[in-house]
Amino acid sequence: MSQTNPPLQIAIIGAGFSGMMTGVQLMRQTTMPLTLHLINDKYEFGKGPAYSTTHPKHILNVPAAKMTAFPDRPEHFLDWAHRQEAYQDMDKEVLGKVFLPRRDFGRYLSEVWTEAVAGKRPDTTVNIIHDKAVDITAADGSNTIVLASGQTIAADYVVLATGNEPPRNLPVSDPALYDDPNYIGDPWNNKAVDNLDPDRDILIIGNGLTMVDIVIGIMDTGFNGVIHTLSPDGLAILPHRYGYIAYSKLAEELKAPYKLNELYKLINKHIKVFKKSELSPEPVIDSLRPLTQKIWQGLSLEDKQRFLKYLMPHWNKIRHRMPGHMYDYLMQRQIAGGMVIHRGRLLNMTQTSNGLSAEILETNTDTPIRLDVSRIINCIGPNTYVSQSLNPLLQQLVSKDMLQADPLRIGMQVTDHWTLVGADGREIPSLYTIGGNLRGLLWETTAVPELRAQAATLAGEILSKAANV
Ligand SMILES: Cc1cc2nc3c(=O)[nH]c(=O)nc-3n(C[C@H](O)[C@H](O)[C@H](O)COP(=O)(O)OP(=O)(O)OC[C@H]3O[C@@H](n4cnc5c(N)ncnc54)[C@H](O)[C@@H]3O)c2cc1C
């Protein structure tokens, strides 16, 4: 493309970490005139549900040393944190191991964005649009994005950085329940625990990190009711214990081609070594992190299905750990009777004259129990099946056959370079995606260490494609 051509138009839909960092990387990498449109709704620009929290006790689940926004500047976040008044006096090495508040990381991201805009080429224009994208039409090599306001945006390339979806709705006998103000379907809504009756019980469905976040939001508010939680495995996730011990022996023994049975045996062999020394095996699973995407891509579809069916709950409980002090708090609250963790499944939820009621069947029992509560919060994890998405844009793309779920139904069907594949099996070369939408292809694609690399790769991919048109 020569300098006399009109600027390349790139639209990014969704400006959480992935969308914003793709924008930053495009500004850093471009050598041609560029107009960037970043379309974002619901959360503060660049922060998404993860980093728009203002609660000081909502902390990162990755230590500061590993949270840089840039793959080529490994200490960028740590250096930033060390410059902040609150952490200036701390030893930098110690600070690197700390799980800092997520709101601090949100502030860092705002500065990353401001600096990128200040340093952009004069022929790059940035257009931030606070609106919801609801449709895309692709014709004659150009895309038109339709916004909820009715405005349209033309773009040569579009990136779907739509991120984490709220959990799917749980089946109930009367769907009017979903409109009850005390049923919280989106647990990342900052108002999830506002105006709680301090003396009445609540139910949290799910026992993962989102449940922990909700409890953090309640714990210092003088709430005296019982926090009931429900999931098939009860409270299974582990606390952070070993400060990220580096373990290399498993990685040294891993050899392609990968087969789930053999991997399972090999991983178990290493776990047994840890258990023999009375150590918990988290470092074994952590050591797989840099290799996970490669291993996943090497597995057969059947092996991936088997992993999701039988091993995923075990994987999740080790991989997504909670802060040690929160683990202690949950244990103490249970002992004091302020928290009851139910293992089992939800049968129904109904509205009552003074609240909500949940019918649950606990594991190994035949008789359902009923919990009368003032609020129910759905924390079962993000919906990943695009055919059941609540996002109007994704619904529209699915209905137009421009988007389909991957065969595992955990992300979008994409090519190896992250362009969408429509229902007819054909690539849509100007429509890219990033982040959790790539779960079917990459599996491990949710946290900053993967997403920052994806943003850099995707920016390079789009710019080189545009340069060769
Ligand atoms: C509560 C929570 C805590 C987390 N903590 C950590 C952590 O400590 N460390 C870590 O590495 N990872 C953490 N994660 C993982 C997190 O998912 C990633 O770090 C990262 O924030 C994901 O960014 P994203 O841009 O892909 O998605 P999101 O952050 O979900 O952003 C997507 C954005 O797109 C917008 N959007 C969607 N559809 C449209 C549309 N149609 N039109 C306009 N805008 C749209 C959304 O409103 C949102 O603003 C956490 C996740 C959650 C949910």
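Phe17, Ser18, Met21, Thr22, Gln25, Leu26 and Gln29 in α1 meet Val448, Leu451, Arg452, Gln454, Ala455, Ala456, Leu458, Ala459, Gly460 and Leu463 in α15 (contact: C-beta atoms, placed from the backbone, within 7 Å). By class, this contact of α1 with α15 divides into 10 nonpolar, six polar and one charged residues. Ala, Val, Leu, Ile, Met, Phe, Trp, Tyr, Cys and Pro count as nonpolar, Asp, Glu, Lys and Arg as charged, and the others, Gly among them, as polar. Helices (H or I, at least four residues) and strands (E, at least two) are DSSP runs numbered from the N terminus.

The model is predicted: local features need pLDDT of at least 70 and side-chain atom pairs count only at pLDDT 80 or more, while totals for chains, interfaces and linings use all residues. Residues are numbered from 1 along each chain as its sequence is written.

**Packing of α1**

α1 also packs with helix α5, residues 102–118. Here Phe17, Met20, Val24, Met27 and Arg28 in α1 meet Leu109, Val112, Trp113 and Ala116 in α5. That contact has eight nonpolar, no polar and one charged residues.

| Pair | Angle | Axes apart |
|---|---|---|
| α1 and α5 | about 25° | 10 Å |
| α1 and α15 | about 45° | 8 Å |

Axes are lines fitted to C-alpha atoms, for helices over the stretch in contact, and angles run from 0 to 180 degrees between N-to-C directions. The angle with α5 makes α1 roughly parallel to α5, and the angle with α15 makes α1 oblique to α15. Angles under 35 degrees count as roughly parallel, over 145 as roughly antiparallel, 65 to 115 as roughly perpendicular and the rest as oblique. α1 passes α5 in a left-handed crossing and α15 in a right-handed crossing. A crossing is left-handed if the near helix is turned anticlockwise from the far one by less than a right angle, and right-handed if clockwise.

**Ligand shell**

The ligand is surrounded by 34 residues, the closest being Gly14, Gly16, Gly48, Gly163 and Ala447 (near: C-beta atom, placed from the backbone, within 6 Å). At least two residues of the shell come from each of α1 (17–29), β2 (34–40), α2 (48–51) and α15 (448–467). The shell comprises 15 nonpolar, 14 polar and five charged residues.

**Domains**

The protein chain is divided into domain 1 (8–59 + 101–165 + 384–467), domain 2 (175–238 + 322–378) and domain 3 (249–319), with bounds from an automatic or database domain assignment. The C-alpha centres of domain 1 and domain 2 are 33 Å apart. Six residues from domain 1 and six residues from domain 2 form their contact.

Methods: Two residues are in contact if their C-beta atoms, placed from the backbone, lie within 7 Å.
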